[in-house]
Amino acid sequence: MSWQSKVVSTEIRKILAYRSDFWINFLGQTLIQLFIARALWQSIFESNGLTEMKGLTLPQLTLYYLVAPLTMKILMGENIGFLSREIYDGGLNRYLVWPLPPLGYKALTFLTYSCFYLAQLLIIYSIGRLLLDDSPYQLEELVRLILGMGYILVAAIGYFFLMSLCEMVAFWADNTWTLGVMLRFVAAFLGGAFIPLTFFPENLRHIIEFLPFASMISGPVNLILGRASFMESLTAFLIMLAWLPILYFSVMKLWKKGNLQYTGVGM
Amino acid sequence: MRYLRLYLHFLRFSFSRAMEFRLDFTFKIIMDCFFYLVNLSFYKILFMNTPTLAGWSEDQAFVFVSSYLFIDALHMTVFASNMWWLPFFVNRGDLDSYLTRPVSTLFFISLRDFAANSFVNLLIAIGIFSYALTNLQTPYTLGQLFFYLGLILNGWLLHYVLQMIFIIPVFWTQSSRGFNDFFFSMGMAIERPDLIYRGWLRYLLTMILPFSLIVSFPARVFFGPETPNLLTHLFVVTIVMWAIMLLLWKRGLRAYSSASS
């Protein structure tokens with residue numbers, strides 16, 4: 001058994017250690033966010049006497065609010081503190097002496113969480129699609145779903161880099177979870193997890209589309225829901241790919257600088 | 001008097017601790033500013049696509065959102081840090097040292113840590129709230145404003161009670177987070193006007209888990225017309241929730257085994 005598979009199985013056991021908490025938090029979060037978002041948009045549709053807004057019907061918007069928060073959850077993987085906590089308390093020592101790449105280990109644990117949530121997305125989306133859209137299934141939908149899931153997984157790597165940049169500030173500062181929270185606010189808002197980007201003013205949208213967040217969240221969500229053509233999705237994917245080397249080299253540079261600062265005794 | 005003196009000591013310790021970690025102090029202020037900006041932008045974008053929301057105009061919605069930001073800042077300043085640590089205390093058995101002190105454990109673990117950085121954000125939130133009030137087209141008297149502020153403080157306490165109700169199950173589940181994540185998701189319900197909810201969801205958010213009573217009910221009372229039923233509902237549910245929280249807390253302490261898990 002390679003070290004990678006051992007790490008993955010250990011992380012899955014950790015995720016499932018507190019099962020009741022896990023399922024209540026997961027189902028509670030997913031459903032309540034969906035119901036609140038639907039109630040909000042239903043009220044807007046009804047008060048304006050509309051059946052469609054910016055090309056979206058209420059069931060389509062509901063599906064959007066089912067997939068977008070789950071996508072955000074997948075991107076966030078192991079969540080805030082996955083690296084900073086260990087830098088802060090000196091726990092990073094064990095990764096530095098193990099014959100494994102420390103950042104590779106951290107990336108793998110992070111992505112294990114992402115893959116787990118991705119499986120949840122598949123189940124929840126399938127149920128949601130069945131309940132909210134009565135049109136017959138088509139092959140294109142399945143292709144979109146598979147491509148979309150692959151897209152999200154690549155986006156999770158990008159988000160891992162973004163979060164790592166925030167986490168590694170812990171080499172210099174004592175407490176950095178606030179940076180992770182800031183990143184989450186900005187990513188969710190500019191990525192379209194709170195409001196679909198189509199409702200944003202057009203000039204602002206043109207700028208946002210070139211930032212990594214929109215291509216990480218709206219990009220795959222629109223691909224899965226059939227809201228973007230394959231060409232548009234490919235463009236969004238390429239924008240995200242263009243960000244990956246920039247983020248990767250920034251992470252490596254910060255990691256090297258941070259390691260020079262690291263005392264290994266904790267604070 | 002004894003509890004007031006104790007709280008003043010908590011304040012002194014919290015401010016000196018905050019000054020020790022200055023970068024952290026700054027980060028937290030910036031984080032909350034981002035939170036305010038995202039919330040205000042959310043409503044700004046919504047109102048670019050609709051003239052009213054649940055019967056409220058943009059200026060009324062602005063007062064509603066800024067009231068929520070005000071409550072959130074108050075909560076972050078007074079309770080949030082303490083509530084963050086409670087599941088860890090239970091999980092690791094650290095609650096022992098609080099149980100043996102000659103003061104109310106609930107008082108101690110709820111108010112021990114005053115977030116000095118959030119106090120700065122509280123001032124910013126008050127600024128946004130005041131600005132929203134100056135832009136409000138609906139006429140109001142000074143008496144109505146003070147009454148509204150009283151209702152907001154009631155909403156702040158209800159917010160605390162509800163979060164405790166979500167955290168206390170940690171005594172039985174032993175996890176290190178409780179149902180905090182679920183609570184934060186439910187927090188979205190506080191940020192939306194209650195009149196958008198219908199049917200069972202409305203019943204849930206105004207009776208069972210009354211998140212809509214925190215800001216939305218006070219805002220409806222403030223914008224008028226007079227609604228005595230709304231006030232009765234608000235006060236009765238608040239009292240019932242306090243009673244439930246205290247009951248759960250007592251049962252939780254009885255179930256507490258002290259052993260770290």
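Before I start, one term: a nonpolar core is a set of buried Ala, Val, Leu, Ile, Met, Phe, Trp, Tyr and Cys residues joined through side-chain atoms within 4.5 Å. I keep in mind that I am reading a predicted model.

**Entry: the core**

I looked up the largest nonpolar core and found 186 residues in it. Which members touch the most others? I noted A:Trp41, A:Tyr159, B:Met164 and B:Phe211. Helix 3 of chain B, residues 58–92, gives this core its largest share, with 16 residues.

I then picked B:Phe211 and skipped its neighbours within four places in sequence.

**Entry: where chain A meets chain B**

Next I turned to the interface. Chain A puts 40 residues into the contact, and chain B puts in 40 residues. How much area do the two chains bury between them? I read about 3600 Å², with 74% of it on carbon and sulfur atoms.

I checked for charged pairs and got 1 salt bridge across the interface. It joins the side chains of A:Glu46 and B:Arg198, at 2.5 Å from N to O.

On the chain A side, helix 2 (19–47) and helix 8 (177–191) each supply at least two of the residues that touch chain B. Helix 2 gives the most, with 18 residues. Sorted by class, I find 24 nonpolar, 12 polar and 4 charged residues on that side of chain A.

How values were computed. Residues numbered from 1 in each chain as written. Chains lettered and ligands numbered in written order. Predicted model: local features only at pLDDT ≥ 70, side-chain atom pairs only at ≥ 80, totals over all residues. Heavy atoms only, no water. Contact = heavy atoms within 4.5 Å. Buried area = accessible area lost by both parts, 1.4 Å probe. Salt bridge = Lys/Arg side-chain N within 4 Å of Asp/Glu carboxyl O. Helix = DSSP H or I, 4+ residues; strand = E, 2+ residues; numbered from the N terminus. Nonpolar A, V, L, I, M, F, W, Y, C, P; charged D, E, K, R; others polar. Buried < 20%, exposed > 50% of the residue type's maximum accessible area, 1.4 Å probe, protein only.
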